[in-house]
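Here are my notes on the model you sent over. Have the structure open while you go through them.

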Amino acid sequence: MAENLGLEAKQLTDMFGDMVQALRMNYYPPCQQADKVVGISPHSDPIALTLLTETNNVQGLQIRKNGIWVPVHAIPGAFIINIGDMLEIWSNGKYKSIEHRVVVNPDRERLSVAAFHAPNEDSIIGPLRDLVKKEGAKYKSIDLSNYYMLNNTLQGKKHANEMKLVNATN
Ligand SMILES: O=C(O)CCC(=O)C(=O)O
Ligand SMILES: [Fe+2]
């Protein structure tokens with residue numbers, strides 16, 4: 001991913017410092033009125049990178065592409081990799097975090113495990129210096145504790161959008 005940005009791999013991996021990994025297990029009971037509810041509201045993950053697995057192979061994850069909800073057909077047993085808001089910010093907007101939601105199934109329960117990857121607490125969240133030199137910063141730089149204090153509701157791409165500088169073009 002770093003090479004694709006014209007950087008050395010180390011420049012991106014160094015951003016994680018002593019990396020933090022957090023696991024979330026999600027359980028979505030079946031719902032007879034599945035079309036009237038959501039399993040998880042639309043959001044992007046505020047961290048850097050998510051590895052996700054649908055443990056009982058029931059689909060339900062959808063990503064928002066060009067304003068349209070697209071179902072993810074995961075290969076059974078494979079990880080789904082989602083880019084989080086931090087990677088969008090570090091890459092100065094070259095990588096976009098993915099907005100996603102989960103719909104429920106009328107007949108079957110669904111289980112998933114998400115492994116979130118983020119830097120340790122003394123990190124600064126902001127665009128990588130070499131990218132800023134070339135193209136100017138499109139996002140603010142703030143320390144991690146303040147970053148996590150940004151409104152943490154599940155509401156679209158909250159963190160990425162709040163970090164965006166007003167004059168940035170994309
Ligand atoms: O259950 C899923 O497939 C997605 C869960 C999710 O988006 C999350 O835990 O942040
Ligand atoms: Fe998520």
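1. Ground rules first. This is a predicted model, where local features need pLDDT of at least 70 and side-chain atom pairs count only at pLDDT 80 or more, while totals for chains, interfaces and linings use all residues. Residues are numbered from 1 along each chain as its sequence is written, chains are lettered from A and ligands numbered from 1 in the order in which they are written, and side-chain values use heavy atoms, with hydrogens and water left out.

2. Start with the sheet β1-β8-β3-β6: it is open, has four strands and pairs antiparallel. (Strands here are DSSP runs of E, at least two residues, and helices are runs of H or I, at least four residues, both numbered from the N terminus; two strands pair if DSSP finds at least two bridges between them.) The edges are β1 (20–28) and β6 (80–83), and each has a single partner strand, so one side of each is left without a neighbour in the sheet. From one strand to the next, the twist averages 20°. (That comes from axes, lines fitted to C-alpha atoms, for helices over the stretch in contact, with angles running from 0 to 180 degrees between N-to-C directions.)

3. Inside that sheet, look at β3 (residues 49–54) against β8 (residues 110–118): six bridges, antiparallel. One pair to click on is E54, which sits opposite S112 in β8.

4. There's another open sheet of four strands, β2-β7-β4-β5, also with antiparallel pairing. Here β2 and β5 (68–71) are at the edges with a single partner strand each, so one side of each is left without a neighbour in the sheet. Its twist averages 25° from one strand to the next.

5. Two pairings in this sheet deserve a look. β2 and β7 run antiparallel and are joined by two bridges, and H43 has H100 in β7 as its bridge partner. β4 (residues 61–65) pairs with β5 over four bridges, again antiparallel, and Q62 is opposite P71 in β5. β4 and β5 make a hairpin with two residues between them, and N66 in the turn has a positive phi of about 50°.

6. Now the ligand. Which residues are closest to ligand 1? They are R24, Y28, H100, R110 and S112, out of 14 residues that surround ligand 1 (a residue is near if one of its heavy atoms lies within 4 Å). For polar contacts (pairs of N or O atoms within 3.5 Å; within protein, one must be able to donate a hydrogen and the other to accept it, and residues adjacent in sequence count only if both atoms are side-chain atoms), the side chain of Y28 has an N or O atom 2.6 Å from an oxygen atom of ligand 1. S112 also places a polar side-chain atom 2.6 Å from a ligand 1 oxygen atom, and for N26 the distance is 3.2 Å.

7. How many cavities of 30 Å³ or more does the structure hold? One. (On a 1 Å grid over the protein atoms alone, a cavity is a set of points where a 1.4 Å probe fits but cannot get out; a pocket is an open set with protein on both sides within 12 Å along at least five of seven lines; lining residues have an atom within 4 Å of a point.) The largest cavity holds about 120 Å³ of space (grid points are joined across faces, edges and corners, and the volume is the space filled by probe spheres set on the points). Its lining has 16 residues, with N26, I40, H43, L52 and H100 nearest the centre. β8 gives the largest share of that lining, four residues.

8. Last, the second largest pocket, with about 240 Å³ of space. Its lining includes Q11, D14, M15, R129 and S141, and helix α3 (residues 129–135) gives the most to it, three residues.
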